[in-house]
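Please look over the sequence and the model first.

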Amino acid sequence: MFSLMSSVLASPNTNTEGANKQYDSSYLDQFMSDDPEGTLAGITRDEYLKRLNTSDKFERDAVNKALTDTSLIDEAKESAARTPQLTRDIVRRNQERFGVSLTPAQQLAQQNRITQSTTLGGIGAVNQARLDQQEQNTTSLGRLLSAANNSYSQAMGLLGDASANAAQRKAAYNAAKAQSKANLITGIGGFVSKFI
């Protein structure tokens, strides 16, 4: 089986027409009649070609998004840019509501404090968003890879089991055929020995 797989991989069939076939019984029968290992090799090759044509672009796009997504960081930057003005408006409304009047020195100190606190808050929000984004991207990539690996390994495991079962049936058939032939020869020998 290994040499057959090596030969299939060494000279790949680039014709994608066969990759689009449905695996009905006639398609499988062309392999199963003589060579279960060939079935596994043929289906594996066809599935690879089919995957290139259909899901490979989708998977590449999903992986690319998982690696390069910056939506949380972008949102944190936009929020940090809006925060200073919102804070100034809140302070102004509260001062108006309670009738507070500040001296020019107090107003300057207040503006400096608002600027410092909103700048530090914005930096903290963006840094936390970067950490969250990295964790989200890593989790998304892990889920994609896990789903792909599970699906592929299950499918290939079932094909491998089917190939091994077919090889065992063929070996059992050949052993039974040889045993039947030996029994026939022994029986003929025993029958002929009665007349001698």
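The model is a predicted one. The chain has 196 residues, and its secondary structure comes to six helices and zero strands.

**Whole chain**

- Read along the sequence, the elements follow the pattern α-α-α-α-α-α.
- Buried residues make up 18% of the 196 residues.
- The chain exposes about 14,300 Å², and carbon and sulfur atoms supply 58% of that area.
- Of the contacts with a separation of 6 or more, 78% are between residues 24 or more positions apart.

**Helix α6**

- Helix α6 covers residues 104–195, a run of 92 residues.
- At 1.5 Å a residue, α6 should span 136 Å.
- The buried residues of α6 include Gln-110, Ile-114, Thr-118, Gly-122, Val-126, Ala-129 and Gln-133.
- Further along α6, the buried residues are Asn-137, Leu-141, Ser-163 and Ala-166.
- In general, an α-helix has 3.6 residues a turn, so residues three or four places apart point the same way.

**Asn-137, a buried position in α6**

- Asn-137 is found in helix α6.
- Asn-137 counts as buried because its relative accessible area is 11%, and the cut-off for buried is under 20%.
- Leaving aside residues up to four places away in sequence, Asn-137 touches Ala-66, Leu-67, Thr-68 and Asp-69.
- With Ala-66 there is also a polar contact: a polar atom of the Asn-137 side chain lies 3.4 Å from the backbone oxygen of Ala-66.

- Phe-195 is exposed because its relative accessible area is 64%, where exposed means over 50%.
- Phe-195 belongs to a nonpolar surface patch of about 710 Å². Leu-184, Ile-188, Phe-191, Val-192 and Ile-196 are also part of this patch.

- Arg-92 forms one with Asp-89 and one with Glu-96.
- In the bridge between Arg-92 and Asp-89, the closest N and O atoms are 3.8 Å apart.
- In the bridge between Arg-92 and Glu-96, the closest N and O atoms are 3.4 Å apart.
- Arg-92 and Asp-89 both lie in helix α5, which covers residues 71–98. They are three residues apart, about one turn of the helix.
- Glu-96 is in α5 as well, four residues from Arg-92, again about one turn of the helix.
- The two bridges link Asp-89, Arg-92 and Glu-96 in a network.
- Arg-92 is partly exposed at 40% relative accessibility, and Asp-89 is partly exposed at 22%.
- Glu-96 counts as exposed, at 56% relative accessibility.

Notes
Residues numbered from 1 in each chain as written. Predicted model: local features only at pLDDT ≥ 70, side-chain atom pairs only at ≥ 80, totals over all residues. Heavy atoms only, no water. Patch = residues over 30% accessible without salt bridge, like charges linked within 9 Å, V, L, I, M, F, W, Y side chains within 5 Å. Areas by Shrake-Rupley, 256 points an atom, 1.4 Å probe, with all protein chains shown as cover. Salt bridge = Lys/Arg side-chain N within 4 Å of Asp/Glu carboxyl O. Helix = DSSP H or I, 4+ residues; strand = E, 2+ residues; numbered from the N terminus. Buried < 20%, exposed > 50% of the residue type's maximum accessible area, 1.4 Å probe, protein only. Polar contact = N/O pair within 3.5 Å; in protein donor to acceptor, adjacent residues only side chain to side chain. Contact = heavy atoms within 4.5 Å. Expected span 1.5 Å × (residues − 1).
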